[in-house]
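Notebook open, model loaded. I want to go through the fold piece by piece and jot down what I look up.

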Amino acid sequence: MDQQNNTLQPHVLIFPLPFQGPVNCALKLVELLCLSGIRVTFLNIEHIHRSLLRHTQVLSQFSRYPNFRFETIPDGLEHENPVSGDRFMEVMDAVDVVTKPLFWEMMFSGRLSRKADRPVTVMIPDACFSFAVDIAIEASILVICFETIGPGALWTSYLNLPTLIEAGDVPFKGVFFLLFLI
């Protein structure tokens, strides 16, 4: 077998956190990679994917890239209810119980595995999906975490805004706060 047939062409799998902000951010990255000629698969949970199809022009936007495809994975969510930030833990629990084992199967024996015509060579999951990092390492696939969380979410999620409010640190008081208002 010659050297050229032995070398895998780059195939990037993007797997964003299933909320509007992270999905939009990841789609921008997808477009940049597609413009570079890299093959890209965008993996999304079914619930968010249906919303994308219903409320955006995402199919026509990405139809100009022959090196791009969407894939969906079951999520275990009730599809009548919209997925929003206030359901974060419910979504993450569903991903852990339903999506995680299906994702493992997809990466080891399914359409994205080494057995596929174009196996994934690089995985870019949202940084919240530590299980995807574990799967990439187990599959010997290069993994790059993509942090899509914005400053507002950082403040409320990581710095624990309710605790700051209970402690009386928020809302800000005094001259310091007035400087920001001016």
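Predicted model: local features only at pLDDT ≥ 70, side-chain atom pairs only at ≥ 80, totals over all residues.

A definition first: I take two strands as paired if DSSP finds at least two bridges between them. With that rule, strand 1 and strand 4 pair in the parallel sense, over four bridges.

**Entry 1**

Five strands make an open sheet, ordered 3-2-1-4-5, with parallel pairing. The edges are strand 3 (68-73) and strand 5 (142-143), each of which pairs on one side only.

Then I went along the sheet pair by pair. Strand 2 and strand 3 run parallel and are joined by six bridges, and in this pair I find F42 opposite F70 of strand 3. Strand 1 and strand 2 are also parallel, paired over four bridges. Here V12 sits opposite V40 in strand 2, and I14 sits opposite F42 in strand 2. To get from strand 1 to strand 2 the chain passes through helix 2, and I noted that this β-α-β crossover is right-handed.

Strand 4 (residues 122-125) and strand 5 run parallel, with two bridges joining them.

**Entry 1: what packs on the sheet**

Helix 2 (residues 20-35) packs on the sheet and touches strand 1 (11-15), strand 2 (39-45), strand 3 and strand 4. I read an angle of about 165° between the direction of helix 2 and that of strand 2. Helix 5 (residues 88-108) lies across strand 1, strand 2, strand 3 and strand 4, and runs at about 130° to strand 3.

**Entry 2: the covered strands**

How many residues of strand 1 are buried? I get five of its five, so I put strand 1 down as mostly covered, taking buried as under 20% relative accessible area. Both of its faces are covered: H11, L13 and F15 lie on one side, V12 and I14 on the other, and all are buried.

Seven of its seven residues are buried, so strand 2 is largely enclosed by the rest of the structure. R39, T41, L43 and I45 point one way, while V40, F42 and N44 point the other way.

**Entry 3: the core**

Which residues have the most contacts inside the largest nonpolar core? They are I14, F42, F68, F103 and M107, in a core of 45 residues.

Setting aside neighbours within four places in sequence, I14 is in contact with A26, L29, V30, L33, V40, T41, F42, L43 and I124.

Helix 6 (residues 130-138) has F131, A132, V133, I135 and A136 as its buried residues. Among the elements covering them I listed strand 1, helix 5, strand 4 and strand 5.

Just after helix 6 I stopped at S140, with a positive phi of about 60°. I flagged the value because most residues other than glycine have a negative phi. S140 is not a glycine. Its place is in the loop between helix 6 and strand 5, and at 58% relative accessibility S140 counts as exposed.

**Entry 4: cysteines**

How many disulfides are there? My count came to zero, with a pair of sulfur atoms needing to be within 2.5 Å. I checked C128: the closest cysteine sulfur belongs to C145 and is 9.5 Å from the sulfur of C128, so it is too far for a bond.

C128 counts as partly exposed at 28% relative accessibility. C25 is also partly exposed, with a relative accessible area of 32%.

Conventions:
Residues numbered from 1 in each chain as written. Heavy atoms only, no water. Contact = heavy atoms within 4.5 Å. Axes fitted to C-alpha atoms, helices over the stretch in contact; angles between N-to-C directions. Buried < 20%, exposed > 50% of the residue type's maximum accessible area, 1.4 Å probe, protein only. Core = buried A, V, L, I, M, F, W, Y, C linked by side-chain atoms within 4.5 Å. Right-handed = clockwise from strand over helix to strand, strands pointing away.
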